Amino acid sequence: MTSLSAEEYLAIEEKAEYKSEYFDGEMFARPDVSMAHDMIVCNLLLKVGNKLKDGPWRVHTSNMRVAVSPTSAYVYPDLSIVCKDARYLHRGTDSLLNPVAIIEVLAPTTELHDRGKKFKWYKGIASLKEYVLVSQDEVLVERYLRHDVGGDWLYSSANSLDDSLVLAAAPVTLKLRDVYDGIFPAAEEAGSPVSS
């Protein structure tokens, strides 16, 4: 397989009908998403966007590419949050350089990648303070919070519709009931938590 430079990848990506991610010379097509995945992303966008709309924050969807490294890695997270000092790499379509939080909705085909290589790449973004993983198959939201620059990441999780997740990187509190609105209707109607 021929290795692509970041410049070659960006030139291809500008003209492509479908988005691809890039890491160390290789392009990877983004997989299709399920209805549950899409609904969770929409719920998150509505809730996070509404909470941040009057401040210095921006919320980007998976249409915004993030330059993990402008020379070797580009990805499309489900949501990224950036503060007023947002920086973008201007090469045709923008690429965000300094997200403070990234949220990924897990899919069966991408979960290992999101937890493994992708998280490793994200750890290299100096501005990133928080990485949140949202399951689409069960009520489970996991958060990794950077403890110190270049240091450890603290793990926490919530697994009940009655739980909330408080972000540290931006002034957002997410009720899991809102994140999973419409995903587990029987449990919502019964008022009971859902977890496996």
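## Basis of the model

The model is predicted, and local features need pLDDT of at least 70, side-chain atom pairs count only at pLDDT 80 or more, and totals for chains, interfaces and linings use all residues. Residues are numbered from 1 along each chain as its sequence is written, and side-chain values use heavy atoms, with hydrogens and water left out.

## The chain as a whole

The chain contains six helices and 14 strands; these are DSSP runs numbered from the N terminus, helices being H or I with at least four residues and strands E with at least two. The chain has 196 residues, of which 46% count as buried. Buried means under 20% relative accessible area, exposed over 50%, and partly exposed in between, with a 1.4 Å probe and protein chains only.

Of the contacts (heavy atoms within 4.5 Å) between residues at least 6 apart in sequence, 53% join residues at least 24 apart.

## The second largest pocket

The second largest pocket holds about 160 Å³ of space. Eleven residues line this pocket, and the closest to its centre are Glu 13, Ala 16, Tyr 18, Lys 19 and Tyr 76. A pocket is found on a 1 Å grid over the protein atoms alone, as an open set of points where a 1.4 Å probe fits, with protein on both sides within 12 Å along at least five of seven lines; lining residues have an atom within 4 Å of a point. The volume is the space filled by probe spheres set on the points, which are joined across faces, edges and corners.

## His 60 in a strand

His 60 belongs to strand β3, residues 58–61, and is buried at 13% relative accessibility. Its side chain makes a polar contact with the side chain of Tyr 88 at 2.8 Å. A polar contact is a pair of N or O atoms within 3.5 Å; within protein, one must be able to donate a hydrogen and the other to accept it, and residues adjacent in sequence count only if both atoms are side-chain atoms. Not counting residues up to four places away in sequence, His 60 touches residues including Asp 78, Val 82 and Leu 96.

## Two asparagines in loops

Asn 98 lies in the loop between β8 (93–96) and β9 (101–105) and is buried, with 4% relative accessibility. The side chain of Asn 98 reaches the backbone nitrogen of Arg 87 at 2.8 Å.

Asn 159 is in the loop between β12 (153–158) and β13 (164–166). At 39% relative accessibility, Asn 159 is partly exposed. Asn 159 and Val 139 are 20 residues apart in sequence, and 5.1 Å apart in space from C-alpha to C-alpha.
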